[in-house]
Amino acid sequence: MAPGLGLAYPWGRDVRRGTPVVVTMENPNYSVVEIDGPEAEALRAGGVPPTMDKGRGRSAKQFTWVLLLRAHRAAGCLASLVAVTWALPSAVAKRFRRAAAAEGLGHGHGRGWLLYRFIKGLLALSVLALTVELAAYWKGWHFQRPNLTVPELHVPEVEDIQGWLHTAYLAWMSFRADYIRRPIEFLSKVCILLFVVQSLDRLVLCIGCSWIKLRKIKPRIEGDPFREGSGYLHPMVLVQIPMCNEKEVYEQSISAVCQLDWPRDKFLIQVLDDSSDESIQMLIKAEVSKWNQQGVNIIYRHRVLRTGYKAGNLNSAMSCDYVKNFEFVAIFDADFQPSPDFLKKTIPHFEGNPELGLVQARWSFVNKDENLLTRLQNINLCFHFEVEQQVNGVFLNFFGFNGTAGVWRIQALEESGGWLERTTVEDMDIAVRAHLNGWKFIFLNDVKVLCEVPESYEAYRKQQHRWHSGPMHLFRLCLPDIITAKISTWKKANLILLFFLLRKLILPFYSFTLFCVILPLTMFVPEAELPVWVICYVPVCMSFLNILPSPGSFPFIVPYLLFENTMSVTKFNAMVSGLFKLGSSYEWVVTKKSGRSSELDLLTSAEKNRKCITLPQLQKRLPENSELIEINARKEQREKVPDDAKKANKIYKKELALSLLLLTAATRSLLSAQGIHFYFLLFQGVSFLAVGLDLIGEQIS
């Protein structure tokens with residue numbers, strides 16, 4: 001039997017619940033004899049028990065029913081736990097087989113395989129260490145912790161040592177205390193320092209946002225330039241809608257842009273279609289033709305050589321001869337739906353401000369309440385727009401262009417070198433180059449454009465990989481230009497230290513290293529313990545700051561904190577691939593859209609997605625096209641996939657392996673009676689498990 005250590009386990013409390021009873025059946029009416037507690041003393045003294053002074057006593061039948069109910073609940077919980085434990089391995093194995101069948105075997109290593117092997121190695125070592133620690137615990141070889149700050153190693157006397165196993169364990173404890181502890185402590189101190197610096201940056205941004213709200217600071221338009229008799233001359237505006245195989249959203253985006261309130265002879269719409277699907281091309285052409293017949297100046301462009309992704313598409317459109325007749329260009333991605341007064345709220349800011357190169361509007365999400373994943377994304381994006389973009393726009397006149405829902409002065413684009421195809425973050429690239437050329441930006445927090453956020457984890461994961469690998473790739477390319485640029489030292493420091501390093505590199509690095517690597521390791525190397533404030537207090541405070549711009553999301557603060565740590569795996573992998581220019585650093589996957597046009601469409605869109613576009617509908621839109629029947633027939637035969645295969649949840653190996661690693665570390669933390677560490681590792685492990693099994697994007701509404 002294991003020796004008693006006197007440890008305060010997380011669930012252990014020295015509290016007596018209820019009163020022991022003895023039930024006798026001397027007659028049909030049950031009687032209860034109290035044998036312990038204050039009630040027994042009162043009965044022996046001939047008085048009234050304290051519990052009976054306040055009301056009628058409980059009968060034996062009531063006690064029996066209570067015991068039966070509790071036993072039933074315990075049995076139900078135990079049965080559920082056994083069922084989940086029994087079904088989990090088979091579900092994981094089934095999804096592994098589905099993933100292998102979908103991806104195909106023998107195609108080389110997938111993205112992030114090195115990180116996956118690293119996590120698997122940590123998992124194997126942690127399982128081995130846990131086995132050794134459990135064996136040592138049951139043998140009585142353990143740490144004694146007289147206080148919470150200084151652990152003492154209990155070294156038995158010579159006569160207590162029995163066998164080579166005990167000797168080997170003592171040698172391992174001395175080795176990890178002398179050699180393993182120091183690297184972990186050094187790395188943890190570095191991560192804690194970066195963590196504190198990044199937290200201070202968040203705090204300063206929140207203070208700046210509060211100052212803006214308190215002083216009511218925002219870009220304003222002098223007077224009303226559109227009132228009757230004002231004599232305002234509407235400038236020529238070019239509107240571009242780049243898209244690629246986005247049949248769910250092309251119709252609503254084109255419709256919204258065609259209804260912009262601007263003189264018809266003063267703006268032109270370019271639909272820049274990079275679709276590889278011929279049937280989608282025909283549908284977009286039909287939509288363009290419909291609005292063209294209604295008098296809207298709209299043209300359709302399709303590239304033969306589809307290189308450079310979105311940057312190549314935009315660069316090709318800007319090379320047209322008629323572009324020189326326009327002064328401004330507004331850009332909207334395929335799922336964005338600007339309000340009719342968008343141009344009237346943005347274009348006047350350029351009047352009398354020749355140094356202004358960009359006016360950026362805020363995004364508003366029509367599907368933010370679709371599931372837990374969209375709710376958590378809404379927290380991050382609300383903080384990004386209302387705090388980061390707004391503060392940087394007010395105090396620095398610089399921020400990263402969001403790639404859509406913005407208006408550029410064409411002169412600023414041309415002087416900054418135009419759209420370059422060297423990275424997957426062409427929006428950030430042009431913003432940095434324009435800033436180096438002296439152009440200023442403003443952000444309009446009160447001008448909102450409807451759009452969507454990814455509703456599945458697969459789409460969100462690919463989007464985040466592009467958003468975090470691209471900036472690091474761009475940093476490698478832009479660093480020499482930033483150093484040699486003719487701008488102030490303060491602007492150079494802001495670009496290098498804050499814009500790139502702190503917010504794009506340090507955040508994913510310390511989040512993954514601290515919470516997914518160092519914290520589990522400290523459970524097996526208790527000499528290098530992380531302080532509680534790093535694990536609990538500061539992350540919770542930072543999560544509160546992130547949720548402030550969206551107060552309706554406060555009930556999701558715990559899932560948000562856990563999910564952000566979970567996403568650090570994808571962000572860290574993307575950051576490394578971009579920084580060292582690995583294979584996936586220049587990879588663009590179009591984010592899957594659902595086709596929401598408003599928040600009231602959440603129910604109807606599901607039905608819309610299930611319906612396939614039929615041939616008669618295509619022929620009705622394009623009656624002159626006789627080749628469409630053959631095109632769509634070939635496509636249907638090529639894409640015939642069973643519905644259950646399409647809807648099957650995927651499995652993510654890195655997240656699943658990390659969930660097992662964290663749960664193993666949580667088990668180890670029980671031996672040291674570290675309550676906060678145990679709960680954090682347990683909840684974080686469950687979060688990784690939910691993401692690894694693709695449950696985070698399940699519908700909740």
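Guide: The expected span of a helix is 1.5 Å times one less than its number of residues. Please bear in mind that this model is predicted.

Visitor: What span should the 28 residues of H12 have, and how far apart are its end C-alpha atoms?

Guide: At 1.5 Å a residue, H12 should span 40 Å, and its end C-alpha atoms are 41 Å apart, which agrees.

Visitor: Where in H12 does a kink lie?

Guide: The kink in H12 is at cysteine 478, shortly before proline 480, and amounts to about 50 degrees.

Visitor: How are two packed helices described?

Guide: Two packed helices are described by the angle between their axes and by the distance between those axes. In this model, H11 (residues 426-436) and H12 (residues 457-484) pack with their axes 11 Å apart, at an angle of about 15 degrees. Angles under 35 degrees count as roughly parallel, and H11 and H12 are therefore roughly parallel to each other. H11 passes H12 in a right-handed crossing.

Visitor: Which residues of H11 and H12 meet?

Guide: From H11 come Met428, Asp429, Val432 and Leu436, and from H12 come Pro471, Leu474, Cys478, Asp481 and Ile482. By class, this contact of H11 with H12 has seven nonpolar, no polar and two charged residues.

Visitor: How do the axes of H11 and H13 cross?

Guide: The axes of H11 and H13 (residues 489-524) cross at roughly 160 degrees and come within 11 Å. Angles over 145 degrees count as roughly antiparallel, and H11 and H13 are therefore roughly antiparallel to each other. The crossing of H11 past H13 is right-handed. On the side of H11, the contact is made by Met428, Val432, His435 and Leu436; on the side of H13, by Lys491, Leu495, Phe499, Phe500 and Lys504. These residues divide into six nonpolar, one polar and two charged.

Visitor: Is the crossing of H13 and H14 left-handed or right-handed?

Guide: The crossing of H13 and H14 is left-handed. The axes of H13 and H14 (residues 532-547) come within 12 Å and cross at roughly 160 degrees, which makes H13 roughly antiparallel to H14. Here Leu514, Phe515 and Leu519 of H13 meet Val534, Ile535 and Pro539 of H14. The residues of the contact of H13 with H14 divide into six nonpolar, no polar and no charged.

Conventions. Residues are numbered from 1 along each chain as its sequence is written. This is a predicted model: local features need pLDDT of at least 70, side-chain atom pairs count only at pLDDT 80 or more; totals for chains, interfaces and linings use all residues. Side-chain values use heavy atoms; hydrogens and water are left out. Axes are lines fitted to C-alpha atoms, for helices over the stretch in contact, and angles run from 0 to 180 degrees between N-to-C directions. Helices (H or I, at least four residues) and strands (E, at least two) are DSSP runs, numbered from the N terminus. Angles under 35 degrees count as roughly parallel, over 145 as roughly antiparallel, 65 to 115 as roughly perpendicular and the rest as oblique. A crossing is left-handed if the near helix is turned anticlockwise from the far one by less than a right angle, and right-handed if clockwise. Contact means heavy atoms within 4.5 Å. Ala, Val, Leu, Ile, Met, Phe, Trp, Tyr, Cys and Pro count as nonpolar, Asp, Glu, Lys and Arg as charged, and the others, Gly among them, as polar. The bend at a residue is the angle between axes fitted to the seven residues ending there and the seven starting there.
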